[in-house]
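These are my notebook entries on a single protein chain. I set down what I looked up, in the order in which I looked.

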Amino acid sequence: MQEILFKYEVNPTTWAYLSALLVVGIYFKFRRFWSVRNLDLVGLIAFSPGLLAIYHGLVPKYVPWLVQSGYVWLMIVGAWFLVRLLIDPIVVRRPLLEPNLNASGLTFTGVAMLVFLIANVIIPTSAHRLEDALEAPPRQGPGYAFFYSFATVSDRAPTAEDDEQPEVLRLNRIRAATARTMAILGHLAVVVGLVLIGYRHFDNVHAGVAVASLYLLLPYTAQMTGRMDHVIPAALLVWAVEAYRRPVVAGILLGLAAAVIYYPLFILPLWCSFYWRRGLLRFSTGVISALLLMVFLLFLGSDTLEVFGGYLQQMFGAMNPLEAELGGFWNPEFHEPAFRIPVLAAFVALCGGLALWPAQKNLGTLLSCSAAVMLGTQFWQADQGGTYMAWYLPLLLLTIFRPNLEDRVALTALTEGWVPRWKKLKEKPTP
């Protein structure tokens, strides 16, 4: 941005303060001081100290205790929101608390923030972001191998070694350009998806614009703007919610998200439970089709069957959790890795429980429980767990701003499936 605006530079700490003031000024309900909405806003702002601790613990020099303090802080705030999301389905009274800024002002604020974030991806500033300080995602971790090869933006200057290898330098530039383009498209998809959900499913476009603007205002979004592995899964999850009335499309989007980063596999039981009375076959068809397509692309990109088998194992996370290379919160220098196993077991039990409870699921349940599952993955993720907030942040914001959606159940919101319609056509008497 310095090439566009002279001496433009906002470091993460300054932006955290500015963001907190903007969030309070635009969204805080001063006439209902003790409302749940205000408590949620305080919780969202509370993520900032953890992110800043990790950033300042990595830049300019590594300070282990500060980095671990940041991860612990993120886990504490995440645990609070996990409880908040789990009790959300029983919160029936949801008064309309609109932002202090009207829809036009929110739209202008959101567009301005989006332009600045996109500019920061295209023209990186000299101020480092947390995405620059964190190491690249582990290639050996669960997820799609080809996706992770483009998951981060590399802005380092060419070295003499690169000059001796022009082909490698050219490929690195193509990879960086691809990552920037996909990150920009991912943020655009998240913002448009949030607005459409507010317009089509909340019957309140003002709420959709408010959610999208708040997503762009939060410090996390500014610090992780260029990370594809954060924003692309978020976009797929948001659009799966937007397309919930079309089970095939929702299944394809969730299948792609699960293939890309593996962790959305754990929300499939919840969504199957939602579609149990109507739409399950169509949803399952979409998920399986997307997964088979991604497996086929892996096969085409593999040189040997052995390589394909390794890619397939990585895609579905088929690995021993005791053999995972741990970092972030679970760094063996600070925490006993054995404690990660009961956390993982509790998470699996949570996913199974949400598939059974509540028995009658609606769109509001789908939002809050999906956010809870994706938030729960942060507690046992082997590397950088807690920093992948985009996987659940848009769904969390939608949960905070959603109205009462008890009538949005699959049985009434979806049309009849292929089999019932085929039977009716078959039973229809011919003239």
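**Entry 1. Helices α1 and α9.** I worked from a predicted model throughout. I began with helix α1 (residues 12-27) and helix α9 (residues 205-217), whose axes come within 10 Å and cross at roughly 160°. Because of that angle, α1 is roughly antiparallel to α9, the cut-off being over 145 degrees. I recorded the crossing of α1 and α9 as left-handed.

I then listed the residues in contact. From α1 they are Trp-15, Ser-19, Leu-22, Val-23, Ile-26 and Tyr-27, and from α9 they are Ala-210, Ser-213, Leu-214 and Leu-217. Sorted by class, the contact of α1 with α9 holds 8 nonpolar residues, 2 polar residues and no charged ones.

**Entry 2. Ser-213.** Is Ser-213 buried or exposed? Ser-213, which sits in helix α9, has a relative accessible area of 3% and is therefore buried, the limit being under 20%. Leaving aside residues up to four places away in sequence, I found Ser-213 touching Tyr-27, Leu-106 and Gly-110.

**Entry 3. Helices α3 and α17.** I next examined helix α3 (residues 64-87) and helix α17 (residues 363-376). Their axes come within 9 Å and cross at roughly 155°. The angle is over 145 degrees, so α3 is roughly antiparallel to α17. I noted the crossing of α3 and α17 as left-handed.

On the α3 side the contact is made by Gly-78, Phe-81, Leu-82, Leu-85 and Leu-86, and on the α17 side by Ser-368, Ala-371, Ala-372 and Leu-375. I classed the residues of the contact of α3 with α17 as 7 nonpolar, 2 polar and no charged.

**Entry 4. Backbone exceptions.** Most peptide bonds are trans, and most residues other than glycine have a negative phi.

I placed Pro-60 in the loop between α2 (36-58) and α3. The bond from Trp-357 to Pro-358 is also cis, with omega near -10°. Pro-358 belongs to the loop between α16 (340-356) and α17.

For phi, I noted Tyr-262, a residue other than glycine with a positive value near 75°. Tyr-262 lies in the loop between α12 (247-261) and α13 (268-274). With a relative accessible area of 11%, Tyr-262 is buried.

Gln-384 likewise has a positive phi, near 60°. I located Gln-384 in the loop between α17 and α18 (393-401). Gln-384 counts as buried because its relative accessibility is 4%, and the limit is under 20%.

**Entry 5. The chain overall.** I counted 20 helices and 0 strands. Of the 431 residues, 53% count as buried. Among contacts between residues at least 6 apart in sequence, 78% join residues at least 24 apart.

Key. Residues numbered from 1 in each chain as written. Predicted model: local features only at pLDDT ≥ 70, side-chain atom pairs only at ≥ 80, totals over all residues. Heavy atoms only, no water. Axes fitted to C-alpha atoms, helices over the stretch in contact; angles between N-to-C directions. Helix = DSSP H or I, 4+ residues; strand = E, 2+ residues; numbered from the N terminus. Parallel < 35°, antiparallel > 145°, perpendicular 65-115°, else oblique. Left-handed = near helix turned anticlockwise from the far one by under 90°. Contact = heavy atoms within 4.5 Å. Nonpolar A, V, L, I, M, F, W, Y, C, P; charged D, E, K, R; others polar. Buried < 20%, exposed > 50% of the residue type's maximum accessible area, 1.4 Å probe, protein only.
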